[in-house]
Amino acid sequence: MDIGFETRGHGPAKVLVLHGWFGDHAAWSPTYPFLDEKAFTYVFPDYRGYGASRGLKGSYTIDEIAGDALGLADHLGWDRFSIVGHSMGGMAAQRLAIDAAARVQAMVGVTPVPASGVPLPPELEAVFGSVVSSDDAGHGVLQASLGGRYTQAVADFILRHARATSTPEAFAAYFTAFSKTNFSGEASGLKAPALILIGQHDQGVSEEFVRATYPGMYPHAVLEILPGAGHYPMLETPPHLVSRIEGFLKQHASA
């Protein structure tokens with residue numbers, strides 16, 4: 001399998017965990033100490049252009065992320081599994097849950113971009129587009145997504161991780177992918193139990209935006225606020241995030 005990945009745990013319940021736009025799978029590493037590794041086997045892949053897959057060229061699309069993730073599940077011999085995705089990875093998780101509806105047991109979106117994409121006004125689209133080359137733009141986007149509650153060191157940490165673990169080509173292309181892709185017309189194909197976790201202070205994928213978007217696509221989805229978190233709960237509130245993810249998966253996904 002060409003896609004790089006890290007495995008944590010050895011439990012019977014299998015879970016693919018997809019990362020977001022800013023950095024590779026190691027963005028999830030603050031959650032590792034809190035994972036139930038006896039109940040779950042977690043696999044954290046890197047997308048093409050990121051982390052251990054940094055040298056892999058691709059089309060850098062949401063379809064490609066989902067297809068590579070499904071191919072990894074095949075490689076691992078997983079017939080049934082759950083999917084967790086953060087931000088852009090949450091959008092890819094929806095794509096995968098639709099494409100492999102018979103195999104996905106449950107889906108958790110963590111501050112996830114919806115299947116309808118993120119239509120941005122031209123001036124804001126220009127800011128996001130310039131993040132690939134401008135640290136000032138990156139800091140601005142990150143501070144807003146974190147709710148403006150932290151010192152600049154927090155945004156610096158996330159941005160350094162993104163710069164160190166992604167190629168500029170992939171980073172730029174994935175912005176177009178998550179902002180412009182729209183497969184909301186296929187949303188009814190997502191049959192698995194779904195949990196959508198909303199950062200209380202997230203000004204990007206805000207509670208207002210989520211509540212205006214997700215129920216129409218996935219009437220069965222559970223929407224839940226993560227207290228004290230912005231857009232990066234794996235960094236901000238990792239014990240609580242893991243508790244909510246595993247509580248949902250233990251309830252809805254059998255081995």
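An α-helix has 3.6 residues a turn, so residues three or four places apart point the same way. H9 itself comprises 15 residues, 238–252, and spans 21 Å from its first C-alpha to its last, close to the expected 21 Å at 1.5 Å a residue, the expectation being 1.5 Å times one less than the number of residues. Helices (H or I, at least four residues) and strands (E, at least two) are DSSP runs, numbered from the N terminus.

The model is predicted, so that local features need pLDDT of at least 70 and side-chain atom pairs count only at pLDDT 80 or more, whereas totals for chains, interfaces and linings use all residues. Residues are numbered from 1 along each chain as its sequence is written, and side-chain values use heavy atoms, with hydrogens and water left out.

His 86 belongs to strand E4, residues 81–86. This histidine is buried, with a relative accessible area of 4%, and the side chain of His 86 reaches the backbone oxygen of His 231 at 2.7 Å.

We turn next to the pockets. On a 1 Å grid over the protein atoms alone, a pocket is an open set of points with protein on both sides within 12 Å along at least five of seven lines, and its lining residues have an atom within 4 Å of a point. The largest pocket has a volume of about 420 Å³, a volume being the space filled by probe spheres set on the points. Of its 22 lining residues, Phe 128, Val 141, Ser 145, Gly 204 and Val 205 are the closest to the centre. Two or more lining residues come from each of helix H3 (122–130) and helix H4 (135–145), and H4 gives the most, with five.

The second largest pocket has a volume of about 190 Å³. Among the 15 residues that line this second pocket, those closest to its centre are Phe 22, Ala 27, Phe 157, Ile 158 and His 161. Helix H5 (152–165) supplies the largest share of this lining, three residues.

Technical notes
On a 1 Å grid over the protein atoms alone, a cavity is a set of points where a 1.4 Å probe fits but cannot get out, and a pocket is an open set with protein on both sides within 12 Å along at least five of seven lines; lining residues have an atom within 4 Å of a point. Buried means under 20% relative accessible area, exposed over 50%, partly exposed in between (1.4 Å probe, protein chains only). A polar contact is a pair of N or O atoms within 3.5 Å; within protein, one must be able to donate a hydrogen and the other to accept it, and residues adjacent in sequence count only if both atoms are side-chain atoms.
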